[in-house]
Amino acid sequence: TTADPVPADNEAATLVTVTNALTADLATTIVGPSTATAGQSVTYTVTTSNNGPGTAQNVVQTVTIPAGLPITGGNAVRINGALPASTSGSTATYAGGITYNNATGVVTITAPAGVSGPGTSASNTITYLAPVNNGSLTNVAVVRGTSPDGVTTNNTAAVTTTVQTQADVAVYLSGPTSSTVGSPITFAVTTVNNGLSISNSETTTVQLPSGLSGVEIRGYDGA
């Protein structure tokens, strides 16, 4: 009830700007074949989602696939079924600005189309030929953004493909069809691998008649 000689200073206000008050929940999944044969075309589908409730900002999806895959020619890595639109050094660029760096093996999808508000998602496919000498392929998807993420356990996903090597070992034996008694006979034995993959610990055997004498074995270099 006391009189206030200066009522103008009885109230104060300040402006607070709240940006993306609700956290987002970015998530990623990756699916692909569990097995493949060396040299076979394999396709992986990567899905990027925002489960909300807030808006996701500056979303980047990466997928680590084998390094050293081709980025030129008909066997180059394909994204969403398409070959690279351009290449520079070790980096191939595809439609939508997606890139694959064959020095690091990383596919980068910046701002996946449509992934922003809660409930939005986008899927992309990655196709390449299974390397011929890899026992298994592990492809790892990771999504990140600048918005607060309330659940980080679903920001990474992986799928492993077991690759069956494809060797084709063959042996060839050549020699004369006839000879005279007491004359030396020479046979050539050749072992080759016609397959795509390395063949290890192969042994070639040749069954000769028993009781022979003076048998000589020479390697390809004459030793």
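Predicted model: local features only at pLDDT ≥ 70, side-chain atom pairs only at ≥ 80, totals over all residues.
Strands here are DSSP runs of E with at least two residues, numbered from the N terminus.

Local features need pLDDT of at least 70 and side-chain atom pairs count only at pLDDT 80 or more, whereas totals for chains, interfaces and linings use all residues. Residues are numbered from 1 along each chain as its sequence is written, and side-chain values use heavy atoms, with hydrogens and water left out.

## The sheet around β11

Strand β4 (residues 60-64) runs antiparallel to β11 and is joined to it by five bridges; two strands pair if DSSP finds at least two bridges between them. Thr64 has Val140 of β11 as its bridge partner. Strand β12 (residues 156-164) is also antiparallel to β11, with seven bridges, and Thr161 in β12 is the bridge partner of Leu137.

These strands belong to an open sheet of eight strands with mixed pairing, in the order β2-β12-β11-β4-β9-β8-β7-β6. Its edge strands, β2 (35-37) and β6 (86-88), each pair on one side only. The pairing of β2 with β12 is parallel and has three bridges, with Gln164 in β12 as the bridge partner of Thr37.

## Asn124 and Asn80

Asn124 lies in strand β10 (residues 121-129) and is buried because its relative accessible area is 10%. Its side chain makes a polar contact of 3.0 Å with that of Asn80 (a pair of N or O atoms within 3.5 Å; within protein, one must be able to donate a hydrogen and the other to accept it, and residues adjacent in sequence count only if both atoms are side-chain atoms).

Asn80 lies in the loop between β5 (78-79) and β6. Asn80 counts as partly exposed because its relative accessibility is 40%. Although not a glycine, Asn80 has a positive phi of about 55°.

## Other backbone features

Ala111, in the loop between β9 (106-110) and β10, also has a positive phi, near 50°. Ala111 counts as exposed, at 52% relative accessibility. The peptide bond from Gly52 to Pro53 is cis, with omega near 5°; Pro53 is placed in the loop between β3 (41-50) and β4. Most residues other than glycine have a negative phi, and most peptide bonds are trans.

Key:
Helix = DSSP H or I, 4+ residues; strand = E, 2+ residues; numbered from the N terminus. Buried < 20%, exposed > 50% of the residue type's maximum accessible area, 1.4 Å probe, protein only.
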